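Please work through each task before reading its solution.

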Amino acid sequence: MALFAIAVWVLRRELQTYGLADILRSLSDIPHHRLVTAIVFTVLSYAVTTGYDTLALRYVSRPLAYRRIGLASFIGYAFSNNIVLSMIAGASVRFRLSSAWGLSAVEIPQVVVFCTLSLWMGFLVLGGAVFLLQPETAAGLTHAPAIPLRWIGLLFLLVSAAYMAVAVFRKTPFQVREWSCRWPGPHLALWQFIV
C-alpha cells in the first residue's frame with residue numbers, strides 16, 4: 001500500500017500543472033492507430049516479462065500456475081518500471097507475493113536475479129544485432145560514430161555467446177566460499193534468449 005501511495009503521489013506531483021482538459025486534448029491529438037499500437041505493445045511487453053518469471057521458477061524448480069506467475073510478474077514489473085527506486089519496489093512486491101506462495105527466502109532472490117539476467121541477455125542480443133547489422137541507424141539515434149557501434153555490437157554478441165557456452169559446457173555450480181550458483185542449462189538459457 002505504501003508503494004501504491006508513493007506512486008499516486010509522484011503521479012499527482014508530475015501532473016499538477018496540467019488540467020484534465022489538457023490531458024484529454026493531448027490524447028485526442030494522437031492518432032487512434034498509434035494509441036492502439038502502444039497498448040498492444042505494452043500488453044506484449046508485460047506478457048514477455050511473465051516469460052522471464054516462468055523460466056526463473058523452472059530454474060529454481062518451483063513452477064507455479066501461470067495465473068500466479070502473471071500476477072506477480074505484472075505487479076512487480078509495473079512497480080519496477082514506473083516508480084523511483086524501481087529495483088527495490090519491484091523486488092519487494094515480488095518477495096511478498098512469492099513468499100505467500102511458498103517460495104523460500106533463498107529462491108526469491110534467485111528468481112529476481114534470473115529475471116534481471118534474462119532481461120540483460122535480451123538487451124545484449126538485440127543491441128548487439130542492431131549495432132552490428134544497422135550501425136548507421138543506431139548511430140543516428142545515439143549520436144555516436146557507426147564504426148565503434150559495430151565493435152560494441154560484436155562485443156555484446158560475444159558476451160551472449162559466452163553465456164550460452166557456459167550454459168552448454170558448465171556442469172558444476174560456481175562456488176565462492178559457502179555460496180554456490182548453478183548456471184542455467186542450455187535448454188533454459190536458449191529460452192532466455194528467445195523470450
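**Exercise 1.** How are α6 and α9 oriented to each other: roughly parallel, roughly antiparallel, roughly perpendicular or oblique?

*Solution.* This is a predicted model, in which local features need pLDDT of at least 70, side-chain atom pairs count only at pLDDT 80 or more, and totals for chains, interfaces and linings use all residues. Residues are numbered from 1 along each chain as its sequence is written, and side-chain values use heavy atoms, without hydrogens and water.

Step 1. Helices (DSSP runs of H or I, at least four residues) are numbered from the N terminus. Axes are lines fitted to C-alpha atoms over the stretch in contact, with angles from 0 to 180 degrees between N-to-C directions.

Step 2. Helix α6 covers residues 107-133 and helix α9 residues 186-194; their axes come within 8 Å and cross at roughly 60°.

Step 3. Angles under 35 degrees count as roughly parallel, over 145 as roughly antiparallel, 65 to 115 as roughly perpendicular and the rest as oblique. The helices α6 and α9 are therefore oblique to each other.

Step 4. Their crossing is right-handed, a term for a near helix turned clockwise from the far one by less than a right angle; anticlockwise gives left-handed.

**Exercise 2.** Identify the residues through which α6 and α9 meet, and classify them.

*Solution.* Step 1. With contact taken as heavy atoms within 4.5 Å, α6 contributes Phe114, Leu117, Ser118, Met121 and Val125, while α9 contributes Leu188, Gln192 and Phe193.

Step 1. Six of these residues are nonpolar, two are polar and none is charged. Here Ala, Val, Leu, Ile, Met, Phe, Trp, Tyr, Cys and Pro count as nonpolar, Asp, Glu, Lys and Arg as charged, and the others, Gly among them, as polar.

**Exercise 3.** Describe the packing of α3 against α9.

*Solution.* Step 1. The axes of α3 and α9 come within 10 Å and cross at roughly 165°. That angle makes α3 roughly antiparallel to α9, and the crossing is left-handed.

Step 1. Leu55, Arg58 and Tyr59 of α3 meet Leu188, Trp191 and Gln192 of α9. This contact holds four nonpolar residues, one polar and one charged.

**Exercise 4.** Which residues of the largest nonpolar core touch the most other members?

*Solution.* Step 1. A nonpolar core is a set of buried Ala, Val, Leu, Ile, Met, Phe, Trp, Tyr and Cys residues joined through side-chain atoms within 4.5 Å. Buried means under 20% relative accessible area, exposed over 50%, and partly exposed in between (1.4 Å probe, protein chains only).

Step 1. Among the 15 residues of the largest core, they are Leu57, Val111, Phe114 and Cys115. Helices α3 (32-59), α4 (66-82) and α6 each supply at least two of its residues, and α3 gives the largest share, six.

Step 2. Beyond its neighbours within four places in sequence, Phe114 is in contact with Tyr52, Leu55, Ala56, Tyr59, Pro184, Leu188 and Gln192. A second, separate core has six residues, including Met121, Leu124, Met164 and Ala189.

**Exercise 5.** Is Ser160 buried or exposed?

*Solution.* Step 1. Ser160 belongs to helix α8 (residues 146-169) and is buried, at a relative accessible area of 5%.

Step 1. Residues up to four places away in sequence aside, Ser160 touches Met121, Leu124, Val125 and Phe193.

Step 2. Trp151 also lies in α8, but counts as exposed at 60% relative accessibility.
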